[in-house]
Amino acid sequence: MYPLRRNRRLRTNEAIRSLVRETIISPNDFLVPLFIVEGKGIKEEIASMPNYFRFSLDLLEKEVKELWKLGLKSVLLFVKVPDNLKDNKGTEALNPNGLMQRAIKTVKNVCPDMLVMTDVALDPYSSYGHDGIIENGIIVNDLTVDVLAEMSISHAIAGADFVAPSDMMDGRIAIIREALEDSGFTDTGIMSYSAKYASAFYGPFRDALDSAPVDMVNIPKDKKTYQMDYANRFEAIRETEMDIEEGADIVMVKPGLCYLDIVRDIKNVVDVPVAVYQVSGEYAMLKAAAEKGWIDHDAVMLEQITAIKRAGADIVASYFAKDIVKLIS
């Protein structure tokens, strides 16, 4: 009781604040998204994501070495597929010598201990920019899931440690897990995008991979028939619990800041690690506001990451990973 109890004693200086701090950020918290393109000598900045880049495989090697030196030990790979290799069935996704498969091998060759996770979805490979096969104007679930399972096996053969299905098709975790087991990849993990919302925060990411849904007659103009309605809360728990039952080793909430209530809800009921994806729109907004001089970039960046972890995230996929690790070191 006041005045015997004064809470401000624990805030007197940085030493005591650090000593009693509840949420600690370290390099071990981060999963680093990497965008890969064909070619040589390419490190091209993404216009809507300042200071974030697409890498060709030769420069991916340099980037991975730098990440490892910073203490960042996990990457999540995405590929930008040339238009001439896209079709409705994502055929290129199964190419054993495709860009994703070569990217996995590149990372493992240059840094064998780096944990490699891979995006499993059809939108980078789809001529329509959707995460599934389209028939009669509808994204069909089960045919898509069969391709995702083959895609996962292809990634495992190339050396991926975890596959990360980001498509939100029903039942895909069970089918992928069964396919991996049947193919002898019992140690290949699954990080499921379990609660992935149909968010307006994904725009810069779709610019990075040229994977936005196309505007065509009889083609869905958005992803709301498979990604979750952002008005829903309890649905996220159902989706996540189903994925765990089907064999997910890690579950994810995406996006981050607008969904911290969902992160905490899920963390309270599951017994597997919870990942959060701090998405491209969140990154771009901070960069834009800081460029205008409206906010302190580093202070807000660190506050946002701390909020995500405080909400319950065990893993944070973030485009700020390198910047934060440099800052806290």
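This is a predicted model: local features need pLDDT of at least 70, side-chain atom pairs count only at pLDDT 80 or more; totals for chains, interfaces and linings use all residues.
What radius of gyration would a compact globule of 329 residues have, and what does the chain have? For 329 residues, a compact globule would have a radius of gyration near 20 Å. The chain has 20 Å, so the value agrees with that of such a globule. Along its principal axes, the C-alpha trace spans about 70 × 45 × 40 Å.

Let me continue with the chain as a whole. It contains 11 helices and 12 strands. Of its 329 residues, 53% count as buried. Consider next the contacts between residues at least 6 apart in sequence: 74% of them join residues at least 24 apart.

I now turn to one pair of helices. Two packed helices are described by the angle between their axes and by the distance between those axes. Here, helix α4 covers residues 141–158 and helix α5 covers residues 172–182. The two pack at an angle of about 40 degrees, and their axes lie 9 Å apart. The crossing of α4 past α5 is right-handed.

Which residues in α4 and α5 meet? From α4 come V145, D146, L148, A149, S152, I153 and A156. On the side of α5, they meet R172, I175, I176, A179 and L180.

To close, I return to the whole chain, where the radius of gyration of 20 Å agrees with that of a compact globule. Thank you for your attention.

Notes:
Residues are numbered from 1 along each chain as its sequence is written. Side-chain values use heavy atoms; hydrogens and water are left out. Axes are lines fitted to C-alpha atoms, for helices over the stretch in contact, and angles run from 0 to 180 degrees between N-to-C directions. Helices (H or I, at least four residues) and strands (E, at least two) are DSSP runs, numbered from the N terminus. A crossing is left-handed if the near helix is turned anticlockwise from the far one by less than a right angle, and right-handed if clockwise. Contact means heavy atoms within 4.5 Å. The radius of gyration is taken over C-alpha atoms; the globule rule is 2.2 Å times the number of residues to the power 0.38. Buried means under 20% relative accessible area, exposed over 50%, partly exposed in between (1.4 Å probe, protein chains only).
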